[in-house]
Amino acid sequence: MVGTGPDPDQGNPGTRRSLWLAYALLVAAGLGAILVSLLQVLDSKQLYLREADKANANLAYSIAQHAQESLKEADIILAGMVKLLERGENSPAVINELLMTYKQRTSQLAGVFVFDAHGRWLHTTTPPPTPDASNSDRAYFQHHLHSMSRDTQVSNPVLSRFSGEWVLPVSRRFNDEHGRFAGVVVAGIRIDHFRAFYKLFDIGRQGTILIAMNNGTVIYRRANTPGSTGVNMSGGHLFQSDLKRSPVGVGASISLFDGVDRVYAYRALDHFPLVVVVSMSRDEVLAEWGGKAAMVGSLVALLVLALILVGSSLVTRLRKRMDAAQTIARENRELFHLANRDSLTGISNRRQFDQALQMEFHRAATVGTPLALVMIDVDFFKAYNDRYGHQAGDVCLKAVSDVLRRFKVRAGDTVARYGGEEFAVLLPHTDLAGARLVAERIRQAVYEQGLVHTDSPAGVVTVSIGVHSLVPIEADGPQQLLEMADGALYRAKNAGRNRVCLADPAP
């Protein structure tokens with residue numbers, strides 16, 4: 001049917017899609033802001049850890065160089081003493097004076113000692129604790145006694161038998177003129193030498209600096225845990241994995257000493273069996289990052305909250321506008337319905353019929369197809385109203401309109417109340433024979449309703465119908481179709497009613 005008017009229900013899917021799209025964009029914007037901020041925060045966290053690794057590695061290099069130089073200096077002294085002793089210089093006064101000079105000029109040395117083949121003190125910067133004292137039980141002495149190697153030996157730290165302080169023994173073997181073992185020269189490096197140097201570095205409250213033997217024995221550890229010198233920590237990840245993989249590197253682990261989670265860098269010395277480890281507490285490294293992350297998180301939360309509030313306000317306004325648009329569309333549809341529908345029967349009114357007739361006539365004239373018009377009049381309707389009343393007359397008209405509505409089977413057909421008790425059916429693409437068939441079925445259906453009408457010869461409500469069909473010519477206009485169908489209707493009424501007549505008297 002032509003011109004059904006705006007339907008607000010048709011806008012609902014689009015309205016819902018628009019609202020869902022607005023909500024989706026709002027959520028996506030909020031999640032996007034959170035995701036970007038989270039990625040930035042995580043990236044900055046890794047940056048802090050990388051900077052800590054770099055600082056630890058640089059410090060480990062500096063400390064390793066210091067330890068290397070300290071050991072090398074002691075080794076040079078030992079090499080000189082070995083040459084002197086193997087050349088046959090055995091004057092106690094000369095050698096002891098030389099040892100004292102070495103000790104005075106080398107602050108890291110606790111003492112320099114020469115032991116004979118039995119471990120007795122031959123020359124020393126300090127007197128032996130007893131005249132018959134022997135150091136043959138020391139690990140370094142036993143090493144040189146049973147090894148022909150002339151290399152420098154760095155042994156585990158020991159407590160000095162003279163001063164009671166911790167020292168790191170650095171030793172060399174010397175031989176007699178026959179190449180046999182003649183004794184050991186030892187330089188004891190004070191552990192306090194490392195303590196004095198390591199305290200200069202800022203590694204945080206829970207940071208540590210460790211220098212240890214490759215076998216895991218601690219030489220010195222700067223931390224708040226006392227008594228760590230001599231402790232073996234070979235079970236740690238550093239000695240079990242890191243050093244086996246590479247002599248230099250970084251890592252992270254929980255300390256065996258105090259359970260603190262630290263990031264560290266380590267470096268093994270090039271020519272001595274020592275390793276240096278510098279570590280910083282992960283919590284201290286990330287403390288500044290944590291503050292910044294909290295601040296960024298708070299700002300992002302505020303921005304997202306503001307975005308949600310502003311976005312919700314905009315969505316609410318959009319929804320109100322859409323609701324208003326739907327209300328207006330619904331009201332327009334109701335107005336359109338009132339303007340184009342017969343208030344009693346609910347079918348199209350005369351105004352809508354005239355519009356449909358103009359449109360279909362133009363369309364049929366353009367494409368050259370037939371257009372049929374069926375004009376219907378209720379027989380003896382005035383008499384029906386007079387006998388049964390106007391309310392019954394309204395019921396009669398509704399019954400006839402219901403029959404017409406049932407016979408409207410195509411979208412282009414138009415069923416209308418033409419005026420009073422007169423109805424019209426417009427049938428596009430229908431020739432005269434087809435229109436006559438439709439008209440006859442309508443007449444028969446009204447008759448078969450059996451609506452009692454005592455003032456009608458048939459005893460029931462009947463209708464008279466006029467039919468005409470033509471192939472329109474644009475220049476003529478629809479008036480000819482109306483006149484011909486209306487004339488056929490009058491012929492049907494004059495011929496006795498309850499019948500169908502054609503405008504053209506031909507069968």
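1. Asp 192 is partly exposed, at 33% relative accessible area. Its partner is Arg 195, and the closest N and O atoms of this salt bridge are 1.6 Å apart. The model is predicted, and that distance is a computed value from it. Arg 195 is also partly exposed, at 36%. Both residues belong to helix 4 (residues 191–198). They sit 3 residues apart, about one turn of the helix. An α-helix has 3.6 residues a turn, so residues three or four places apart point the same way.

2. Salt bridges across the sequence. The structure holds 20 salt bridges. One of them joins the side chains of Arg 150 and Glu 86, at 2.3 Å from N to O. This pair links distant parts of the chain, 64 residues apart. Arg 150 is in the loop between helix 3 (139–146) and strand 3 (153–154), while Glu 86 is in helix 1. Arg 150 has a relative accessible area of 33% and is partly exposed. Glu 86 is partly exposed too, at 35%.

3. A loop-to-loop pair. Arg 161 forms a salt bridge with Asp 137, with the closest N and O atoms 2.3 Å apart. Arg 161 lies in the loop between strand 4 (158–159) and strand 5 (166–175), and Asp 137 in the loop between strand 2 (121–124) and helix 3, so the bridge ties together parts 24 residues apart in sequence. Arg 161 is partly exposed, with 36% relative accessible area.

4. Nonpolar cores. The largest nonpolar core has 50 residues. Leu 71, Leu 168, Phe 194, Ile 211 and Leu 274 have the most contacts inside it. Helix 1 (residues 12–86) supplies the largest share of this core, 17 residues.

5. Leu 274. What does Leu 274 contact beyond its neighbours within four places in sequence? The partners include Leu 71, Leu 168 and Ile 211. Val 154, Met 213, Ile 219 and Arg 267 are also among them.

6. Helix 5. The buried residues of helix 5 (residues 237–245) are Leu 238, Phe 239 and Asp 242. Seen down the helix axis, they fall within an arc of 110°, so they line one face. Lys 244 and Arg 245 are exposed on the other side. The cover over the buried residues includes strand 7 (208–213), strand 10 (261–268) and strand 11 (274–281).

7. Nonpolar surface patch. Leu 35, Leu 38, Leu 39 and Leu 42 make a nonpolar surface patch of about 370 Å². Leu 42 lies in helix 1. Its relative accessible area is 42%, which counts as partly exposed. In soluble globular proteins, nonpolar side chains tend to be buried together.

8. Glu 421. This residue is found in the loop between strand 13 (414–419) and strand 14 (422–428). Is Glu 421 buried or partly exposed? At 26% relative accessibility, Glu 421 is partly exposed. Setting aside neighbours within four places in sequence, Glu 421 contacts Ile 376, Asp 377, Val 378, Phe 381 and Leu 397.

9. Gly 434. Gly 434 lies in helix 11 (residues 432–449) and is partly exposed, at 24%. The C-alpha atoms of Gly 434 and Met 280 are separated by 99 Å. Along the chain these two are 154 residues apart.

Notes:
Residues are numbered from 1 along each chain as its sequence is written. This is a predicted model: local features need pLDDT of at least 70, side-chain atom pairs count only at pLDDT 80 or more; totals for chains, interfaces and linings use all residues. Side-chain values use heavy atoms; hydrogens and water are left out. Buried means under 20% relative accessible area, exposed over 50%, partly exposed in between (1.4 Å probe, protein chains only). Helices (H or I, at least four residues) and strands (E, at least two) are DSSP runs, numbered from the N terminus. The arc is that of the directions from the helix axis to the C-beta atoms. Contact means heavy atoms within 4.5 Å. A nonpolar core is a set of buried Ala, Val, Leu, Ile, Met, Phe, Trp, Tyr and Cys residues joined through side-chain atoms within 4.5 Å. Patches are made of residues with over 30% relative accessible area and no salt bridge: like charges are joined within 9 Å, nonpolar side chains (Val, Leu, Ile, Met, Phe, Trp, Tyr) within 5 Å. Accessible areas come from the Shrake-Rupley method with a 1.4 Å probe; for residues, only the protein chains shown count as cover. A salt bridge is a side-chain nitrogen of Lys or Arg within 4 Å of a carboxyl oxygen of Asp or Glu.
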